[in-house]
Amino acid sequence: MIFTDEKLAIHGGSPVRTQPLPEESSGIHYFNDEEIRNVTAVLQARSPFRFYGPQVQHMCDQLENSVREKFNVNHVIGVSSGTEALYIGLAACEVGPGDEVLLPGYLWTSCLNAIVRLGAIPKLVDIDDTFTMSPIDLKKKITKHSKALIYINMSGAPGHIDKIMAIAREHGLRVVEDNAQAFGATFNGKSTGTFGDIAIQSFQINKSITSGEGGLIMTNDKHLYSRCFGIHDLGYARNEIGILMDTSCDEMYHLWGCGARMSELHGAVLLAQFNKLDQIVKHMHRSKYTIKKELETIPGLSFRTIVDTEGDSSSFLIFALPNSAMCDEFIAAMKAEGIKGRGYGKPLISMKEWGLHWYFNNKSLVNKKSLTPSGWPWTLQENAFAKEYHYDKGTLPACDDYWARAGLLKVPSNLEDGDVEDIIRAFKKVASHVIK
Ligand SMILES: *Cc1c(COP(=O)(O)O)cnc(C)c1O
């Protein structure tokens with residue numbers, strides 16, 4: 001295709017498209033009568049609380065059962081958010097002062113928050129071309145203080161999760177698998193969210209399926225499950241009619257809990273959404289790989305390595321340019337061609353616009369800030385080993401490099417053939433002018 005004769009929109013030419021792309025929040029496009037029917041049933045029964053009420057509809061129970069069955073895991077707990085699920089998961093693994101938790105530098109800030117709120121120390125690990133934790137760097141970063149690691153299936157898919165699990169097992173590290181961005185993905189035929197000792201999900205609006213807020217904890221370990229259950233709900237188990245077992249529960253599971261229960265209204269929406277997960281992922285997969293196949297021939301444009309493309313949940317297409325200046329020029333030109341959303345939507349951005357997904361953008365982390373004047377947990381005696389740890393830009397070379405020259409296309413779950421063609425056309429047109 002010859003596009004070089006076509007003037008770029010950014011230089012006054014006509015844009016590839018003028019309509020904004022659909023919202024990237026994948027679950028919302030699939031809301032229909034099923035969600036409405038479930039929510040209505042909860043309201044009509046006047047039973048929005050999952051554990052008791054006049055006529056509990058058991059939406060959360062049904063959701064948890066469906067997830068257990070589909071992913072073949074023993075224990076599933078619906079919770080209020082992915083952020084709380086991470087906190088609960090690490091707390092269940094007994095992470096606290098004196099421990100460090102390894103995590104990649106391309107992340108979401110919730111992962112850092114969970115560690116610091118428990119009084120432990122985050123230990124950064126670099127990524128590789130999969131944009132997830134590098135097994136090579138992980139080996140270099142493990143110390144005798146390492147207690148657990150958070151493996152994040154970033155931007156829709158895992159990287160070398162099998163190698164990471166092997167290293168974790170060898171060193172006796174607990175693994176909390178953050179599957180918030182990859183619900184519905186698989187790796188060599190096994191669902192993501194079933195690799196770690198504990199896995200978490202999020203149902204915030206940007207994730208594969210949504211109820212606005214919400215999350216899940218999944219584990220095969222009965223002891224970890226009992227700890228997670230108590231920690232998510234005030235620190236106690238509940239009896240068969242849903243009452244807190246404040247005096248009768250196993251003393252081993254008298255814990256300090258938070259208020260992270262899932263409501264029946266959230267369960268109602270999610271139960272309907274969960275049945276659509278495969279359909280949503282399938283749609284995104286088809287769009288993403290139609291686009292990617294066309295773009296792979298463009299010289300100078302490279303792509304994030306997806307180890308198992310079959311299993312990719314396909315919510316994002318990550319690409320890289322040879323250098324930072326070219327990347328900025330490329331993204332600006334793409335937006336001018338009409339590859340953009342409306343309002344909050346940002347279907348195509350440079351990694352520089354991706355905020356708290358990069359370690360050094362978290363100022364509380366870089367400055368080792370505390371909620372208290374004492375400087376806790378950085379100043380705790382137990383954490384003295386981490387005195388020299390730093391988190392500013394320059395700590396992780398591969399992260400810094402990709403941050404500077406990579407971009408990201410969020411793949412909406414309802415792209416039509418015409419949208420896909422426009423995206424391809426814009427990439428080719430812009431590449432023919434910008435990549436030299
Ligand atoms: C969204 C997200 C979370 C947090 O989920 P919330 O439900 O928004 O609290 C955690 N980790 C990752 C990688 C995420 O993308």
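This is a predicted model: local features need pLDDT of at least 70, side-chain atom pairs count only at pLDDT 80 or more; totals for chains, interfaces and linings use all residues.
**Exercises on helix packing and a buried residue**

Helices α3 and α7 are oblique to each other.

**Exercise 1.** Explain why α3 and α7 count as oblique, and describe their contact.

*Solution.* Two packed helices are described by the angle between their axes and the distance between the axes. Helix α3 (residues 82-92) packs against helix α7 (residues 222-232) at about 130 degrees, the axes being 9 Å apart. Angles over 145 degrees count as roughly antiparallel and 65 to 115 as roughly perpendicular; α3 and α7 are therefore oblique. Their crossing is right-handed. On the α3 side, Ile-88, Gly-89, Ala-91 and Ala-92 make the contact, and on the α7 side Leu-224, Arg-227, Cys-228, Ile-231 and His-232 do. These residues divide into 6 nonpolar, 2 polar and 1 charged.

**Exercise 2.** Determine how α10 is oriented relative to α13, and state which residues of each helix make the contact.

*Solution.* The axes of α10 (residues 324-336) and α13 (residues 417-434) are 10 Å apart and form an angle of about 135 degrees. That makes α10 oblique to α13. The crossing of this pair is right-handed. From α10 the contact involves Met-326, Glu-329, Phe-330, Ala-333 and Met-334; from α13 it involves Ile-423, Ala-426, Phe-427, Val-430, Ala-431 and Val-434. The division is 10 nonpolar, no polar and 1 charged.

**Exercise 3.** Locate Asn-179 and decide whether Asn-179 is buried or exposed.

*Solution.* Asn-179 lies in the loop between β5 (174-178) and β6 (186-187). The relative accessible area of Asn-179 is 0%, so the residue is buried. Beyond neighbours within four places in sequence, Asn-179 contacts Asn-153, Thr-192, Gly-193, Ile-200 and Gln-201.

Note on methods:
Residues are numbered from 1 along each chain as its sequence is written. Side-chain values use heavy atoms; hydrogens and water are left out. Helices (H or I, at least four residues) and strands (E, at least two) are DSSP runs, numbered from the N terminus. Buried means under 20% relative accessible area, exposed over 50%, partly exposed in between (1.4 Å probe, protein chains only). Contact means heavy atoms within 4.5 Å. Axes are lines fitted to C-alpha atoms, for helices over the stretch in contact, and angles run from 0 to 180 degrees between N-to-C directions. Angles under 35 degrees count as roughly parallel, over 145 as roughly antiparallel, 65 to 115 as roughly perpendicular and the rest as oblique. A crossing is left-handed if the near helix is turned anticlockwise from the far one by less than a right angle, and right-handed if clockwise. Ala, Val, Leu, Ile, Met, Phe, Trp, Tyr, Cys and Pro count as nonpolar, Asp, Glu, Lys and Arg as charged, and the others, Gly among them, as polar.
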